[in-house]
Amino acid sequence: METPGSQSSLHRANLERVVRAVRLAGSLTQAEIARTTGLSAATVSNIVRELKDGGTVEVTPTSAGGRRARSVSLSGDAGIVIGVDFGHTHLRVAIGNLAHQVLAEEAEPLDVDASAAQGFDRAEELVERLVAATGVDRTKVAGVGLGVPGPIDVESGTLGSTSILPGWTGTKPAEEMSRRLGVPVHVDNDANLGALGELVWGSGRGVKDLAYIKVASGVGAGLVIDGKIYRGPGGTAGEIGHITLDESGPVCRCGNRGCLETFTAACYVLPLLESSHGTGLTMESVVRLARDGDPGCRRVIADVGRHIGSGVANLCNLLNPSRVVLGGDLAEAGELVLGPIRESVGRYAIPSAARQLSVLPGALGGRAEVLGALALALSEMGDSTLLDGSLSVAAPAFT
């Protein structure tokens, strides 16, 4: 038994610090591990050697700053994590290993609004199929990250909004999927997972404070503060779509008038073009037409950008993020929407906050949320199972 404060318990703590740093980053050089953990270079070198000998990490030659270095990542066969993303019109599942490598990924159309039970059934089937396709031992599954397009109560894990997913109200997605798959499941809303995905793999790399803005059926923001997702005590932080822009504006689904969402979400924006372009438009097709030079679509996209910029300016004044990443189909409009966003930020944000802010399109496109789900599963798993070699005991096979 290790005594708290003893040499053996200190060594164990240092092992877990190194494993955690590598697990969250995917791969780090030994110098980066030392900076991240605060451990000395000699201590890191000894720990990495021990972890390598035990099969927990892999070490490969690389370069850093023009000098030879060694990149450390978790062993590719140490375990896998699963990401599940429920969108309003799709289901996407990805399988990744602990070295941040995506082993398999697949998406299929799904009317998520219709039935929670149908959504869970389809997700279970797709997870089973992809895990079988990778050939990975099911006992190696360390956990699942699950994304849903609605607010999750932090304490109960219950999906609470009747207006976003009426067929899902009162369900506990993480509890249900964990029962079906027999492994730990961690749930968050799609905007938060988009932020995590871009932070780990995309346009948010290298910063600790950012906002990920997703415009689709609704408008949400995933907020990263000091490198961590900020959810608020009730899990509703980031509801930027319900900032009031016009007290006399259209009635929003939340019951208020003139919310940002009523000027930017697809269900409000697309009808503006029906008289000139007919029905059947999607935000994706509007963006495509705008990029091809259609004047009506370009005007609508620019107006949406200016309205989003007003909301981003409020975020700048309150939180002073260093980066805003725009996700969803709208990001494909590039400068047609990013330029107006920056224009509004420059007009309405505190000058010092506006100067420090960069506004970028997401690098991951529609994959941001499912990769964020992988990142969530990676961040929530414990390090002791990796060190003890007991992952197969801690994570039973699917039922």
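Which elements do the buried residues of α4 pack against? They pack against β4 (80-86), β5 (90-97), β6 (102-109) and α5 (173-181), with contact meaning heavy atoms within 4.5 Å. Helices here are DSSP runs of H or I with at least four residues, strands are E runs of at least two, and both are numbered from the N terminus.

Before clicking on: this is a predicted model, so local features need pLDDT of at least 70 and side-chain atom pairs pLDDT 80 or more, while totals for chains, interfaces and linings use all residues. Residues count from 1 along each chain as its sequence is written, and side-chain values use heavy atoms, leaving out hydrogens and water.

Now select α4, residues 116-134. Its buried residues (under 20% relative accessible area, 1.4 Å probe, protein chains only) include Phe120, Glu124, Leu126 and Val131. At the start of α4, show serine 115: a side-chain oxygen comes to within 3.3 Å of the backbone nitrogen of alanine 117. Just past the other end, glycine 135 has a positive phi of about 75°.

Next, pick arginine 180 in helix α5. Arginine 180 counts as buried because its relative accessibility is 12%. Its side chain makes a polar contact with that of glutamate 124 at 2.8 Å; such a contact is an N or O pair within 3.5 Å, one able to donate a hydrogen and the other to accept it, and sequence neighbours count only if both atoms are side-chain atoms.

Note on methods:
Expected span 1.5 Å × (residues − 1). Buried < 20%, exposed > 50% of the residue type's maximum accessible area, 1.4 Å probe, protein only.
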